[in-house]
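Good morning, everyone, and thank you for making time for this.

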Amino acid sequence: MKILVVGGGGREHAIIAKISENPQVEHIYALPGNGGIAELAECVPIKATDITAIRDFAVEKQVDFVVVAPDDPLVLGAVDLLEEAGIACFGPDKKAAAIEGSKVFAKELMKKYGIPTADYAVFEDLEEAIAYCDAAPHYPLVIKADGLALGKGVLIAASKEEARADLVNIMQERVFGESGSRVVIEEFLSGPEVSVLSFTDGHTIVPMVSSMDHKRALDGDLGLNTGGMGAVAPNPYYTEAIAAECMEKIYLPTIRAMQSERRPFKGCLYFGLMLTQRGPRVIEYNCRFGDPETQAVLPLLQSDLLSIMQAVAEERLHEVEVKFSEDQKTCCLVLASGGYPQKYETGFPINIGDTGQTQIFHAGTKLKNGVLCTGGGRVLGLTAIASSLPEAIECAYKAVEKIEFRGKFFRTDIGQSAACLE
């Protein structure tokens, strides 16, 4: 089989690593890929958002199956174009991808179908949004840009002054582009956060191993929001009882809601959850594998990933086994460029020593004249697997010492709050 994976980050590297284990896979293309993915796949410099060029390439190369991994091409309708050309895909079509592409749509879906989430209000007018925040009885408030914003479009305002400044930045200064033409303002929820990726073919839903992401740039969950500075799996806060409650009140209702809206979701549906004192609540949906959660979760998958993806595309997920390791834990630690998520420099050589059994997933790397160099804000993800979470965390941090590049930056507390529960 010829497989094409759209994207070029750590998530795509983890997906390609798993897909390459299938003996039927003869060749993998990655569009655009990166310096690490190049060891497993043929990287082609086509942007993930150039969905017409992706379709044309897949047709020209007679690709058998395409995995569209990032949010942007999914929301733009990459799967629609590919399927119209007769090419099988893993990923939701444009109508279903709106569950991430528009936070307003997602909130209204949850409200309509009684799926537990935070109370909210939607605004298109800046002054009306400011007036709402000025009259709010409780702080902090959560302010979200409606559209995609590289995982950074969620701000927590601790005061009226912060809320006003955030709204001006989003709606007037357009720091997140047109994604800020509308905002969702939510009540602030507290409790442990859980990420649950799930396979679904629109009828059956199979949750994967839970995980815990670390969004903030600095230790102690301080600093700016990032695309994710690390993740551990499974998440010890996510018990069997909570999983059962989520299946009954969140997962199945979401799939049925999308069917009722004539937007059946096929692909990987990501549930960002908050375990509040009133029960689990949905913070956000993503229409694809999370990053870096994927790098923590997929190494624990014992079943064949490509077979599962094909079953999803053919709406026969109920026929295949989806099995994860029950006695192993993972820690994925992200190494970033100094200055991320704000301004940072790239193009620095990366020296990777002996990291033992720790897997290295490339996120922002590129080859310059055959030399591996930094090429993005998040550069590498180091995933260690062990029989206990403390051991996995220790192994990941030992591996960090074997990797050098100018400006190397990472959090020193990934997974520690979870490890305390073991």
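Let me begin with a question: is E100 buried or exposed? The model we are looking at is a predicted one, and in it E100 has a relative accessibility of 7%, so this residue counts as buried.

E100 forms a salt bridge with R288, and the closest N and O atoms of the two are 2.8 Å apart. This pair links distant parts of the chain, since E100 belongs to helix 5, residues 94–101, while R288 sits in the loop between strand 17 and helix 10, 188 residues away.

R288 also meets the side chain of D71 in a salt bridge, at 3.5 Å from N to O. D71 lies in helix 3, which covers residues 71–76, and R288 is in the loop between strand 17 (279–286) and helix 10 (293–297), so this pair ties together parts that are 217 residues apart in sequence.

Across the whole structure, a search finds 22 salt bridges. Another of them joins the side chains of E315 and K266, again with a distance of 3.5 Å from N to O. Here E315 is in the loop between helix 11 (305–313) and strand 18 (329–337), and K266 is in the loop between helix 9 (240–260) and strand 16 (267–276), so the pair ties together parts that are 49 residues apart in sequence. E315 is partly exposed, with a relative accessible area of 38%.

Let me turn to the surface, where E124, D125, E127 and E128 gather in a patch of negative charge. Within this group, D125 is found in the loop between strand 6 (120–123) and helix 7 (126–134), and D125 is partly exposed, with a relative accessible area of 36%.

Finally, the cysteines: how many disulfides does the structure hold? The number is zero. For C331, the closest cysteine sulfur belongs to C332 and is 7.2 Å away, which is too far for a bond. C373 is in no disulfide either, and the nearest cysteine sulfur, that of C43, is 15 Å away. C331 counts as buried at 0% relative accessibility, and C373 counts as buried at 4%.

How values were computed: Residues numbered from 1 in each chain as written. Predicted model: local features only at pLDDT ≥ 70, side-chain atom pairs only at ≥ 80, totals over all residues. Heavy atoms only, no water. Patch = residues over 30% accessible without salt bridge, like charges linked within 9 Å, V, L, I, M, F, W, Y side chains within 5 Å. Areas by Shrake-Rupley, 256 points an atom, 1.4 Å probe, with all protein chains shown as cover. Salt bridge = Lys/Arg side-chain N within 4 Å of Asp/Glu carboxyl O. Lys, Arg positive; Asp, Glu negative; His and termini not counted. Charge placed at Lys NZ, Arg CZ, Asp CG, Glu CD. Helix = DSSP H or I, 4+ residues; strand = E, 2+ residues; numbered from the N terminus. Buried < 20%, exposed > 50% of the residue type's maximum accessible area, 1.4 Å probe, protein only. Disulfide = S-S within 2.5 Å.
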